[in-house]
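Here are some notes to read with the model open beside you. Take the points in order, and find each residue on screen as you go.

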Amino acid sequence: MTKPPRMPSQPLLSDVEAPVRSQPRRRRDPAQPQLLLDPMPARIDPCLALLKPRPPKGPQWTFEVKWDGYRLAVHIEPKGVRIITRGGHDWTDRFPAILAEARRLPVSTAILDGEAVVLDAQGRSDFGMLQQSLGGRGGKITSRDAILMTFDLLYFDGHDLTGTELSARRHLLEGLVPPGGEDAIRLSEEIDADGETLLRIACEHDLEGIIAKDRNSPYRSGRGGDWLKIKCVQSDGFAIIGYEKSSASFGGIGRLLLAARKGGELVYVGGVGTGFNERSAAELRTQMDKLIIAKPAVDTGRKRNAVFVNPKLVAEIEYRAWTHDEKLRHASYKGLRDAADEATVHEMRGINP
């Protein structure tokens, strides 16, 4: 004979007017093992893309647009949000829109990896516009126009994801930052296309290039080859070693004199006389005039009306190719790189293509 169900010792609703309460939480037994959580790192050195002339082939590769801005890591914790540059500097206060959006994300702890950009009217990232919004190199202005194009999730709800493959990290990231958003933190979307075709389309739309990533790779700091960058136009940092004066040019700068690194030393690689506007040239002239020296730090050959400076400023230069004697061809000035963005000078390895 089946027994009737046992009546509960206390009815669920003994008094319909009384509020329903859960049982009081018992104190944790200190001898009980704690739930395994990974401590949030204070900083993770970024994974950097290795420059390649052509896109890779194979099913393991996924592609994104290459964004032109400042690399940032956004650390989200219950105690607050920190925005850290590639060089390890705290720029939390300089990106108020990104900060406010990070606080709204539905997560208690996370580290987002992405690029702070300012978009032009066509939706392309513009490094010069970003710098102007921040007050130029060394400026202290907060940028209300900058947004974060985020492309990786390194830490999530108490768990270190750097040892997890990219495809899994992206799956979690898309749950946190959905595609198609218009907020200050947006997803840098993966594009399912042939790399060569995507590069051609990117160049036709005047984008800087594309990024290829091995979808099976963990997150490894440094330039190990898991991420590759393929550019429509080459762009690198070069040390400013002086300028040629001109009364007909913005800021009196006829041409910047540039140097790259080779074998541990700086070598002269030519100059650039285009890409300036009145504002950028005035800012550049102010910075250079603080660094004037009597003799050039690098042999530039004979130069008329040249002013030489201590090579502490790094200019981002766009160029098409190199000459046979290792000078830049069709160069254009894009802006000054900030030390907080780990402004590195281009390293020449033998004869450049």
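1. Let us begin with Thr109 and its surroundings. Setting aside neighbours within four places in sequence, Thr109 is in contact (heavy atoms within 4.5 Å) with Met40, Ile76, Glu77, Pro78, Tyr155, Phe156, Asp157 and Gly158.

2. A word on what you are looking at. This is a predicted model, in which local features need pLDDT of at least 70 and side-chain atom pairs count only at pLDDT 80 or more, while totals for chains, interfaces and linings use all residues. Residues are numbered from 1 along each chain as its sequence is written, and side-chain values use heavy atoms, leaving out hydrogens and water.

3. Is Thr109 buried or exposed? Its relative accessible area is 14%, so Thr109 is buried; the term means under 20%, with exposed over 50% and partly exposed in between (1.4 Å probe, protein chains only). Thr109 sits in the loop between helix H1 (96-104) and strand S5 (110-117). Helices (H or I, at least four residues) and strands (E, at least two) are DSSP runs, numbered from the N terminus.

4. Now look at H1 itself. Pro96, Ile98, Leu99, Glu101 and Ala102 are buried in this helix. The buried residues of H1 pack against strand S3 (70-77), strand S4 (80-85), S5, strand S6 (147-156) and strand S8 (185-187).

5. Next, the cysteines. The structure holds one disulfide, a term used here for a pair of cysteine sulfur atoms within 2.5 Å. Which residues form the disulfide? They are Cys203 and Cys232, with sulfur atoms 2.1 Å apart. The pair links distant parts of the chain, 29 residues apart: Cys203 is in helix H4 (residues 195-204), and Cys232 is in the loop between strand S10 (227-231) and strand S11 (234-245). The torsion about their S-S bond is about -95 degrees, so the disulfide is left-handed. Cys203 is partly exposed at 31% relative accessibility, and Cys232 is partly exposed too, at 21%. Cys47, by contrast, is buried, with a relative accessible area of 2%.

6. Please also visit Gly273, in the loop between strand S13 (265-272) and H5. Gly273 is partly exposed, at 40% relative accessibility. Not counting residues up to four places away in sequence, Gly273 touches Gly254 and Arg255. From Gly273 to Arg255 is 18 residues in sequence and 4.2 Å in space, C-alpha to C-alpha.

7. What residue types line the second largest pocket? The lining residues divide into eleven nonpolar, ten polar and twelve charged. Here Ala, Val, Leu, Ile, Met, Phe, Trp, Tyr, Cys and Pro count as nonpolar, Asp, Glu, Lys and Arg as charged, and the others, Gly among them, as polar. Of the 33 lining residues, Asp126, Phe127, Gly128, Glu318 and Lys334 lie nearest the centre of this pocket. Helix H2 (127-133), helix H5 (278-289) and strand S19 (332-337) each supply at least two residues of the lining. A pocket is an open set of points on a 1 Å grid over the protein atoms alone, where a 1.4 Å probe fits, with protein on both sides within 12 Å along at least five of seven lines; lining residues have an atom within 4 Å of a point.

8. Finally, step back to the whole chain. Its secondary structure comes to five helices and 19 strands, and 46% of the 353 residues count as buried.
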